[in-house]
There are 2 protein chains.
Amino acid sequence: MSNALRLQPSWVIPIRPENTIHLDFDLIICDGVIVDLLPRQAANDRYGDVSAIDLTGEVVLPGLINCHGHAAMTLLRGYADDHSLMAWLEDHIWPVEAKLVSPSFVHAGAWLAAAESLSRGTTCCADSYFFPQATAEAMGMTGIRSQITTPVIQFPNAWASTEEDHIAQSLVFFDWAATQPRLTVGFAPHAAYSLSDQGFKRIRQLALANDLPVHLHLHESNDEMIRHAALYQCRPIDRMRRLEMFDTRLQTVHMTQLLDEEISWLKLTKTPVVHCPESNMKLASGICPIDQLRAEGVDVALGTDGAASNNDLDLFQEMRTAALLAKVATGAPEALSAEQALYMATMGGAQYLGLDHLIGSLEIGKQADVISVRLSDIQTQPVYHPVSQLVYAVTGHNVTHTFVEGELLYHNGDFNRFDVGELRSQVSQWQARIGALI
Amino acid sequence: MSNALRLQPSWVIPIRPENTIHLDFDLIICDGVIVDLLPRQAANDRYGDVSAIDLTGEVVLPGLINCHGHAAMTLLRGYADDHSLMAWLEDHIWPVEAKLVSPSFVHAGAWLAAAESLSRGTTCCADSYFFPQATAEAMGMTGIRSQITTPVIQFPNAWASTEEDHIAQSLVFFDWAATQPRLTVGFAPHAAYSLSDQGFKRIRQLALANDLPVHLHLHESNDEMIRHAALYQCRPIDRMRRLEMFDTRLQTVHMTQLLDEEISWLKLTKTPVVHCPESNMKLASGICPIDQLRAEGVDVALGTDGAASNNDLDLFQEMRTAALLAKVATGAPEALSAEQALYMATMGGAQYLGLDHLIGSLEIGKQADVISVRLSDIQTQPVYHPVSQLVYAVTGHNVTHTFVEGELLYHNGDFNRFDVGELRSQVSQWQARIGALI
């Protein structure tokens, strides 16, 4: 097996079957696919000729899946903090975007985001931003897997003018994207208040005809509820029901404002939710009732949102925040255990994106999207439960190897596909331009 | 100046004066003390002969101050997660402690905690645990500054039996500690419900006579309120008022359950509060109203609590959690800005410990407890506001240098005072003994 590789960590956490930790197992990868997972001794017999990577003191697990982000906005990391969502958008983010957003801005920001993500153990990310082809090109260059959904909004911007124009541009992008590896696409209507009924109807029609997901900020904050009610005299979910948007592969984002009957509706329609706890906390948007959603059988995933409202793309920290927030929000320290948080960031993410047949767990036949995480640092000693360590004591800094489709893309600070000096240079130029606007 | 050193970072954040960032300044240290802080060009003229450390791309700031912890419990990191405070203590932590706590357990755990703390930019930590001399010896060996307060509790344990015995052992420790450098001491009555009136009275008398702080878990959770009410038919603060404990240099810990009039009382009596957001979230204890406390003029500091309920000792992550939690808890994204969170972890901590004449800011004449933090990694690029970066994008992993009293104790993974191999070996032995109890 000339294209094969043996990973030899201290622990393997396959995610499926659940609650399983293999001690001293080898994970065998060949031609981008997981082909075996077996005890080291058996691997020595069967795969003795396969080149091996010694990962003693490390844990191997599926790459993490970030189900909500705006990669280009990584260029705005720390540009404007400690503001409310609407003030942040209207007084800070949107004015900069109006001045500077272009394919080269998006390409540089998405490159930075993909590099950070890979270095922190994320192998797949969902993204929505203007100039989606620039995002796709940057991400494709780094080798990360992605779902890129195209923004649709009533307001004009550098990428498109009207709703119809956004949709037309989306179709052009989808055509281009069809030949790209590791890429899936869909629509990202911005929010219920910022699209007309007509816009949603057209998106629904195209999404159903082409089996595309629809990725939608929904019930993000109380502000959104008020704004939508002023325009449409109802809650966003009710309007989305009336417009039959739940017939599509709807991917809801945020969901901090939920009634019990709305949770039942999500369950009934098998609509998943991506939880972005750090962004929701930082913008004081509210708290998604993640533990209740899980208990009711709604699929839940995890996202960082953009680095401008986080301010990192580290899903390890996001898992921890999700677990801690669920506990304090419910008053129950049993809420969202470490195992459940890790599931959200792996299989939960794969299910959310409709990619659970390909990624999200270390099962034979799945894509080898795999990471290795060092638990041997004194700051993560002692180790009683590797999953506890991953969620409560590790950050993305502990990631040593990141593979996508069996390809080693990141290893201990180095990226294999690109020149990090060129990335730094581009970011530095954008920092100067953006900083001049402050 | 033969004992002098020039630090040459891109930014210096002195904390005092507030809201100040110096670009291209040098910090001059001599004989353990900050002697100058001036523009690089002026430093070249005046201190050209002083040995310099190039810290381009880094920010120099005061060492962080961790105002609440139980260092020895670092050996129980990840031992029992996702349990309520009382179940966690009674079913998991206390049984292990009853079996294993000894001077050697405490020494190993405190050594591990001090090493982690120094590596994450903490130069001073407040600690309370059995066998305080073992903690002090371990911390003293690493060079970290500490306040070690002695536990007093009605329940017998390996260190002491009765309340009086705890107090007697405390006095023995205080005598020993008087000659130790970088160490201050005090009493740590465990909680209102776990000491008698007589115990508090004796502590009050000794604390006042010897000008010692009294470090007290107070209003940590609703459970504590119920437990105390069952025993004493009142809220803990009311009993502490009756016992005149606020006459001492009382250091309150946690304070998640507070009435408005109790906040007024804290202000009136100039009683500081240490906020431990991650531990409070993980144990679902509640949320300390830190933004309201600040607004009312109560001094607030930051703590990690023990690694068993956190599960790290990284004050950078704690600052971020404090800021995010304050925003979502109040519904105001302006709550606890990055600057305010950083103040809590530096000057706020120094004030809490009564050490603000010595540490907490980079002012001439203060002790050179100083850290340098790398902002040049792509994961922390671009940099518009260094303070935003420190609170929202950095973790303790970005710390490159940690000085206490001008002595370089940690530098890029290496500790200057001890053999990390011996620390690893001890931790590994304890892991085997503790793990065998699971």
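## The second largest cavity

The second largest cavity has a lining of 18 residues, and those nearest its centre are Asn66(B), Gly69(B), Ala71(B), Asp127(B) and Leu313(B). Here a cavity is a set of points, on a 1 Å grid over the protein atoms alone, where a 1.4 Å probe fits but cannot get out, and lining residues have an atom within 4 Å of a point. Helix H3 (103-119) and strand E7 (122-128) of chain B are the elements that each give two or more residues to this lining. Helices (H or I, at least four residues) and strands (E, at least two) are DSSP runs, numbered from the N terminus.

This second largest cavity holds about 90 Å³ of space; a volume is the space filled by probe spheres set on the points, with grid points joined across faces, edges and corners. Its lining has 8 nonpolar, 8 polar and 2 charged residues. In this sorting, Ala, Val, Leu, Ile, Met, Phe, Trp, Tyr, Cys and Pro are nonpolar, Asp, Glu, Lys and Arg are charged, and the others, Gly among them, are polar.

## A note on the model

This is a predicted model, in which local features need pLDDT of at least 70 and side-chain atom pairs count only at pLDDT 80 or more, while totals for chains, interfaces and linings use all residues. Residues are numbered from 1 along each chain as its sequence is written, chains are lettered from A and ligands numbered from 1 in the order in which they are written, and side-chain values use heavy atoms, leaving out hydrogens and water.

## The largest cavity

How many cavities of 30 Å³ or more does the count come to? There are 6, and the largest has a volume of about 110 Å³. Both chains take part in its lining: among the residues are Glu278(A), Met281(A), Arg320(A), Glu278(B), Met281(B) and Arg320(B). Helix H10 (277-282) and helix H12 (315-330) of chain A, along with helix H10 (277-282) and helix H12 (315-330) of chain B, each give two or more residues. By class, this lining has 4 nonpolar, 4 polar and 4 charged residues.

## A covered strand

E3(A) has antiparallel partners. It pairs with strand E1 (residues 4-12) of chain A over 4 bridges, and Leu7(A) has Leu27(A) as its bridge partner. Another 6 bridges join E3(A) to strand E4 (residues 33-39) of chain A, with Ile28(A) opposite Asp36(A). Strands count as paired if DSSP finds at least two bridges between them.

## Aromatic rings

Across all chains there are 20 aromatic pairs. Rings of Phe, Tyr and Trp (its six-membered ring) pair if their centres lie within 6.5 Å; planes under 30 degrees apart are stacked, over 60 edge-to-face and the rest tilted. Phe105(B) and Trp430(B) make an edge-to-face pair, 5.3 Å centre to centre with 90° between the planes. Phe105(B) lies in helix H3 and Trp430(B) in helix H15 (residues 420-435) of chain B, so the pair ties together parts that are 325 residues apart in sequence. Phe105(B) is buried at 1% relative accessible area, and Trp430(B) is buried at 7%.

Methods. On a 1 Å grid over the protein atoms alone, a cavity is a set of points where a 1.4 Å probe fits but cannot get out, and a pocket is an open set with protein on both sides within 12 Å along at least five of seven lines; lining residues have an atom within 4 Å of a point. Buried means under 20% relative accessible area, exposed over 50%, partly exposed in between (1.4 Å probe, protein chains only).
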